[in-house]
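Please read the following report alongside the sequence and the three-dimensional view, and try to find each part in the picture as the text mentions it.

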Amino acid sequence: TKHRLLRAKRMFALLDVDKAGFLDCQKLTNFLQHNTINFLPERLSTIMDVVVGSGKDISMEKFLLLMGFEGVQEADLESIELQERRARLQEAVTTFHTFDEDGSGTIDTSELTGIMKTMGQKMTQEEVEHMFSLADKHGTGEIDFENFCECLLA
Ligand SMILES: [Ca+2]
C-alpha cells in the first residue's frame, strides 16, 4: 500500500505540471480518460462525478481520495516518504559496512573485488576497476560513504 501511495503521489506531481499543488480539473479529466486501465467503468464514472462536482482545483488529498486512498493526509505521505528515505539510508549504511571489510571507512578496489566475488558477480578485474572509477569521482583510490551513496542513489 505504501508503494501504491508513493506512486499516486508521483502521479500527482507529474500531473501538476506548474507545481501549483493543485490539479486542473480538465487535466485530470483528460488523464483519467486516457488511463482507464486501472479503473472499472463504474468506478471511473464515480470518480468523474466527484472530480466534476468538486470545482476546478484538485488538491493532493482529494486526488488520493480519488485514487482510492481514504483518510490519507499530505502529512502522512511526508512521513511515509521520510520513513522510506531513512530505510534506504539505513540499507546503504549496512551495505557500505559489508563492503568495507577492514572497517577503514572507505572501500578500496580489493574490497570491491572481494564483494563482487562473494555476490557471485563474474566480473573481470577491468570491469571492477571501471565500476570503481565511476564511484571514485575524486580519484583517491577509495570510495567513501558519500561517493557510495551518490553511486547507489544515482
Ligand atoms: Ca576499507
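In soluble globular proteins, nonpolar side chains tend to be buried together.

How is the chain as a whole arranged? It holds eight helices and four strands, and when these are read along the sequence they follow the pattern α-β-α-α-β-α-α-β-α-α-β-α. Of the 154 residues in the chain, 8% are buried. Among the contacts with a separation of 6 or more, 43% are between residues 24 or more positions apart.

Helix α5, which runs over residues 74-99, has 26 residues and reaches 37 Å from its first C-alpha to its last, close to the 38 Å expected at 1.5 Å a residue. How many of the 26 residues of α5 are buried? The count is one, and α5 is accordingly described as hardly covered.

Lysine 19 has a positive phi of about 55 degrees, although it is not a glycine. Is lysine 19 buried or exposed? Lysine 19 counts as exposed because it has 7 C-beta neighbours inside 10 Å, and the cut-off for an exposed residue is 12 or fewer.

An unreviewed UniProt entry carries the annotation "domain: EF-hand" for residues 3-38, 87-122 and 123-154. In the model, the span 87-122 is 64% helix and 6% strand, and its end C-alpha atoms lie 29 Å apart.

Finally, the confidence of the prediction should be kept in mind while reading the picture. The chain averages a pLDDT of 81, and 86% of the residues score at least 70. The table gives the two elements at the ends of the confidence range.

| Element | Mean pLDDT |
|---|---|
| Helix α3 (residues 41-53), lowest | 68 |
| Strand β3 (residues 106-107), highest | 94 |

Notes
Residues numbered from 1 in each chain as written. Predicted model: local features only at pLDDT ≥ 70, side-chain atom pairs only at ≥ 80, totals over all residues. Buried ≥ 20, exposed ≤ 12 C-beta atoms within 10 Å, placed from the backbone. UniProt positions renumbered as here; feature names shortened; annotations may be inferred. Helix = DSSP H or I, 4+ residues; strand = E, 2+ residues; numbered from the N terminus. Contact = placed C-beta atoms within 7 Å. pLDDT = per-residue confidence, 0-100. Expected span 1.5 Å × (residues − 1).
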